[in-house]
Amino acid sequence: MSVHQSHEASTGHPARPRAIGRPTHGGPSPSSAGGIRPRSFALLAIALLLLIASACAPQTTTLIDPGGAEVAVTRATLRELERFAEDEQAVPLERVLYANGYRLIDTLHVVPEKGEPLTFDWLSVAATARWQRNGEVHIGEQVLRPARIEGIAPQMPAQPTTGPLDIAPTAAKVLGLRAPADAAGTALELPPASRVVLIFLDAFGYLRYTEARDAGLIPTLAAFGEPALGLTVYPPSTAVATAALLTGAPPEVNSVEDRGIRTTFNETLFDVVAAAGLRGVAIEGDALAFNMRSADVTLSGDRDGNGGTDDNVLANALAVIEAGTPDLLWIHFHGIDDVGHTYGPGTPEEEAKIVEVDAAVATVLAALPEETAVLIFADHGMHTVAEEGRLGNHGNLVVRDMLVPVWAFVK
Amino acid sequence: MKRHKLWMFLTLVAVLALSLAGCGAPKVDWTLEVTGGSTPLSLTYADLTKMTQVDLTDVLMQKSLGEDEVDSWSGVPVAEIFEQAGVQSYSSVTAAAADGYAVEISADEMANAIVALKKNDDWITKAEPDKGPIRLVCPETPANRWVFQVQQLQVNP
């Protein structure tokens, strides 16, 4: 919104007194040689200036934040988020929503400057919705100039009580150590234990857990009882969640704010463990998606060529446990994510992988010594997509991606 | 007139010298460690430039988004490096990068791999400095095997 003031008013100069005795009728004024009267010329110039000013005035969209407050989104807002832009012209709309407090979105209401209000199913449009530098918002096939945008949160049976930030403080507390320096999470309550095992179920979101439980696919996990409902970090992806899991700090603090960043310079749980003279071991799949500094890392490639690495992860984990369970053991099963991307969640292939991982968890649990604290969690969930090369994906502020189960107990 | 010819000659010499200078390998401080064989190797960038170079034309790199990439690469066959390192047979190779990334690659996937110094005829260190100076190229495999800024090849029995 812009306010136009007269030059006099804006500079504080008093308005000039009107000329007295100036002819108003009859005969051309001395300066109107071309036949245009000075007053008409001035009015025309002012109208032209107003037109130019209105065209140049920064466009503002009112965003209603999750608390109901009105927030003005301007070009300056978009400039602050440019580091997340996939090209120079557009910022993902979801980044704007996240920066203004949104964590879960079910539908998006948009009131355009012209035309009827629109409602979008966020799951369907989140991945491609963009806010253009020129003020346009592209959602699905629509190109809009919104006056007002509001996200509607999904109806939830319960509110999340935990998340990735709580894992490092919990593990540190069990080991009698301080949390990593920038940890913002809270340690979960656990009975005393001698060591900690972190079992990382990649892409096993909370909704997928409930569906698998109800379908009888996960007897091991179901026997642990109802997990705590966790809200993961944004964007829900392995690297971003891993940094949050290791540091206990949110992405804005640990600087891993997007996929493709593989290192955090903030102190990690493994740093704390190593500094205390304790032993931390990480068993990963074929690729180390994130820099596990200070950990003794074992990769688990598909050496048997069966198309998956979870059996190799299990074998390596069992070998480590048999040789003497370390103070901190991180076991990362990637299979549900790999198969979910390829075939999509809820498919027979993905369900078979969930069954396999559940059985692997049972085998690990059976091998662990008593007095071992066990934390089982996911980094993110996954939703169905129909894209070339993949049928499942994650990365959006939707229930299927953002909600994760967290189990914490002592064997 | 004589002076004119002299200037032409000098210009030609300068152009020729500059062209030849451009053909040489860039000077880069980089070392590739090869472990797990009978002879651990520590190969500098200069060492790699002096080894047998092969060209892989229009090679497919599989990307998860379905946006597969096809490029041409030139570099040293991993098989030759392994021969120097005294590697007889192996089940997999763990390739580690400068940024801490690592991936275990099966022997089958490594079969035609090269340590690339050039991409599409350009030195990687100049064309894509953030992904150079060398890159492990594993034809017809997923992109996470194509380790850029590779620093170590650990051969697993």
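Tutor: Let's start with a definition: two residues are in contact if their C-beta atoms, placed from the backbone, lie within 7 Å. Keep in mind that this is a predicted model.

Student: Thanks! How many residues of chain B are in contact with chain A?

Tutor: Contact here rests on that C-beta cut-off of 7 Å. On the chain A side, 17 residues take part. Facing them, the number from chain B is 15 residues.

Student: Which element gives the largest share of the side of chain B that touches chain A?

Tutor: Two elements give two or more residues to this side of chain B: strand S5 (92–97) and strand S6 (102–106). The largest share is five residues, and the element that supplies them is S6(B).

Student: And how do the residues on that side of chain B divide into nonpolar, polar and charged?

Tutor: Let's take the classes in turn for the side of chain B that touches chain A. Two of its residues are charged and five are nonpolar. The polar class, in which Gly is counted, has eight residues.

Student: Which residue is the bridge partner of A:Ala287 in S6(B)?

Tutor: Begin with the strands: S13 of chain A, residues 287–288, pairs with S6(B) in the antiparallel sense, over two bridges. A:Ala287 therefore falls within the residue range of S13. Its bridge partner in S6(B) is B:Val103.

Student: Is A:Glu371 buried or exposed?

Tutor: A:Glu371 has a positive phi, near 60 degrees, though it is a residue other than glycine. Its place is the loop between helix H14 (348–367) and strand S16 (372–377) of chain A. A:Glu371 has 12, so it is exposed.

Student: What is phi of B:Glu140?

Tutor: B:Glu140 lies in the loop between S9 and strand S10 (141–142) of chain B. With 12 C-beta neighbours inside 10 Å, B:Glu140 counts as exposed. Phi is positive in this residue other than glycine, near 65 degrees.

How values were computed
Residues numbered from 1 in each chain as written. Chains lettered and ligands numbered in written order. Predicted model: local features only at pLDDT ≥ 70, side-chain atom pairs only at ≥ 80, totals over all residues. Helix = DSSP H or I, 4+ residues; strand = E, 2+ residues; numbered from the N terminus. Buried ≥ 20, exposed ≤ 12 C-beta atoms within 10 Å, placed from the backbone.
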